[in-house]
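Here are some notes to read with the model open beside you. Take the points in order, and look for each residue as it comes up.

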Amino acid sequence: MSADAWMTALDINLWEADVRSRVEALQWSVAKDLLVAGMTVIIEWGTWARTERDQLRSEARALGAAVELRFLDASDDELWRRIHARDAEDPPVTRHDVAEWRTYLDRPTDAELALFDTPGS
């Protein structure tokens with residue numbers, strides 16, 4: 001479930017935060033139905049805050065699903081390269097945006113990672 005992919009398919013500007021929230025809510029609703037049906041779901045949102053990750057993990061576990069966390073931590077230069085190559089935002093993302101957004105990231109601690117299932121198990 002990728003909000004960016006759905007918004008792009010619907011020709012919606014990726015900066016539309018209110019629409020992004022509604023798309024993510026819709027995706028989570030669909031994802032929960034899929035989890036109940038025993039399917040695998042990948043959430044590809046920027047769950048930057050632990051509270052967001054805790055909520056998704058708790059709700060998925062309540063449905064009986066195993067929950068893995070795959071945390072990818074790329075350098076600012078790599079993020080910039082990927083964003084620039086993607087060229088999907090209007091207005092474009094700046095290097096300053098990347099640096100500022102990094103300050104919002106609540107990196108998972110070892111204690112938090114221990115709350116998730118081991119990938120591939």
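1. A definition to begin with: axes are lines fitted to C-alpha atoms, for helices over the stretch in contact, and angles run from 0 to 180 degrees between N-to-C directions. Helices (H or I, at least four residues) and strands (E, at least two) are DSSP runs, numbered from the N terminus. Please keep in mind that this is a predicted model, in which local features need pLDDT of at least 70 and side-chain atom pairs count only at pLDDT 80 or more, while totals for chains, interfaces and linings use all residues. Residues are numbered from 1 along each chain as its sequence is written, and side-chain values use heavy atoms, with hydrogens and water left out.

2. Now the overall picture. The chain has six helices and zero strands, and its pattern along the sequence reads α-α-α-α-α-α. Its C-alpha trace spans about 40 × 35 × 25 Å along the principal axes. Of the 121 residues, 24% are buried; here buried means under 20% relative accessible area, exposed means over 50%, and partly exposed lies in between (1.4 Å probe, protein chains only). Contact means heavy atoms within 4.5 Å. Among contacts between residues at least 6 apart in sequence, 62% join residues at least 24 apart.

3. Next, look at one pair of helices. Two packed helices are described by the angle between their axes and the distance between the axes. For helix α2 (residues 17-36) and helix α3 (residues 50-62), the angle is about 35° and the axes are 10 Å apart. The crossing of α2 past α3 is right-handed; a crossing is called right-handed if the near helix is turned clockwise from the far one by less than a right angle, and left-handed if anticlockwise.

4. Which residues of α2 and α3 meet? From α2 come Trp 28, Lys 32 and Leu 35, and from α3 come Leu 56, Glu 59 and Ala 60. Sorted by class, this contact has four nonpolar, no polar and two charged residues. For the classes, Ala, Val, Leu, Ile, Met, Phe, Trp, Tyr, Cys and Pro count as nonpolar, Asp, Glu, Lys and Arg as charged, and the others, Gly among them, as polar.

5. Stay with α3 for a length check. The expected span of a helix is 1.5 Å times one less than its number of residues. With 13 residues, α3 should span 18 Å, and its end C-alpha atoms are 18 Å apart, which agrees.

6. Where do the buried residues of α3 sit around its axis? The buried residues are Arg 53, Leu 56, Arg 57 and Ala 60. An α-helix has 3.6 residues a turn, so residues three or four places apart point the same way. The cover over the buried residues of α3 includes α2 and α6 (110-113). On the face turned away from the buried side are the exposed residues Thr 51 and Ala 62. Just after α3, Gly 64 has a positive phi of about 90°.

7. Back in helix α2 you will find Gln 27. Is Gln 27 buried or exposed? Its relative accessibility is 0%, so Gln 27 counts as buried. Leaving out residues up to four places away in sequence, Gln 27 touches Met 1, Ser 2, Ala 3, Trp 6 and Trp 45.

8. Some loops deserve a look too. Asp 11, in the loop between α1 (3-9) and α2, has a positive phi near 60° in a residue other than glycine. Asp 11 counts as exposed because its relative accessibility is 72%. Asp 87 lies in the loop between α4 and α5, and its phi is also positive, about 50°, although Asp 87 is not a glycine. At 62% relative accessibility, Asp 87 counts as exposed.

9. Pro 91 is placed in the loop between α4 (76-86) and α5 (95-102).

10. Finally, visit Leu 105, in the loop between α5 and α6. Leu 105 counts as partly exposed, at 23% relative accessibility. Apart from neighbours within four places in sequence, Leu 105 is in contact with Trp 48 and Phe 71.
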